[in-house]
Amino acid sequence: MSWHYRVIRHPDRSLALHEVYCDEAGRPDGCTVEPIGFVANEEEGLSGIVEALEMALKDARERPILDMASFGTKQ
């Protein structure tokens, strides 16, 4: 299984960033229930947060918006 960040449209039409999990063929198969936040421990420090933010920004720019309804109960 793999994952990436995706912008997801919620039923109220708001947009939020989530981790999306993909099946073996690379298709979105589930997502986090709550939007993600960026936290790093002391060892990871600022660079840990910056790396995660950069990855999220890249994924958000390159991947289309998904609808939360498309996941059904796979959250």
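**Arg 9 and its salt bridge to Asp 67.** Arg 9 counts as partly exposed because its relative accessible area is 22%, on a scale where buried means under 20%, exposed means over 50% and partly exposed covers what lies in between (1.4 Å probe, protein chains only). The model is predicted, so local features need pLDDT of at least 70 and side-chain atom pairs count only at pLDDT 80 or more, whereas totals for chains, interfaces and linings use all residues. Residues are numbered from 1 along each chain as its sequence is written, and side-chain values use heavy atoms, with hydrogens and water left out. The side chain of Arg 9 meets that of Asp 67 in a salt bridge, at 3.0 Å from N to O; the term requires a side-chain nitrogen of Lys or Arg within 4 Å of a carboxyl oxygen of Asp or Glu. Arg 9 belongs to strand 1 and Asp 67 to strand 4, so the pair ties together parts that are 58 residues apart in sequence. Asp 67 is likewise partly exposed, with a relative accessibility of 35%.

Helices (H or I, at least four residues) and strands (E, at least two) are DSSP runs, numbered from the N terminus. Strand 1, which covers residues 2-9, pairs with strand 4 in the parallel sense over two bridges, and Leu 66 in strand 4 is the bridge partner of Ile 8. Strands of a sheet pair through backbone hydrogen bonds, in either a parallel or an antiparallel way.

**The aromatic cluster of Trp 3, Tyr 5 and Phe 38.** The structure holds two aromatic pairs. The rings of Trp 3 and Tyr 5 have centres 5.1 Å apart and planes at 90°, so this pair is edge-to-face. Rings of Phe, Tyr and Trp (its six-membered ring) pair if their centres lie within 6.5 Å, and planes under 30 degrees apart count as stacked, over 60 as edge-to-face and the rest as tilted. Tyr 5 also forms a tilted aromatic pair with Phe 38, at 5.9 Å centre to centre and with 50° between the planes. Because Tyr 5 lies in strand 1 and Phe 38 in the loop between strand 3 and helix 1, the pair ties together parts that are 33 residues apart in sequence. Tyr 5 is buried, at 7% relative accessibility, whereas Trp 3 is partly exposed at 37%, and Phe 38 is partly exposed with a relative accessible area of 26%.

**Gly 48 in helix 1, seen together with Phe 38.** Gly 48 has its place in helix 1 and counts as partly exposed, at 22% relative accessibility. Gly 48 and Phe 38 are 10 residues apart in sequence, and their C-alpha atoms are 9.0 Å apart in space.

**Surroundings of Thr 32.** Thr 32 is found in the loop between strand 3 and helix 1, where the residue counts as buried at 17% relative accessibility. Leaving aside neighbours within four places in sequence, Thr 32 is in contact with His 18, Glu 19, Tyr 21 and Met 68, contact meaning heavy atoms within 4.5 Å.

The salt bridge count comes to four. Glu 62 is exposed, with a relative accessible area of 53%, while Lys 58 is partly exposed at 47%.

Conventions:
Two strands pair if DSSP finds at least two bridges between them.
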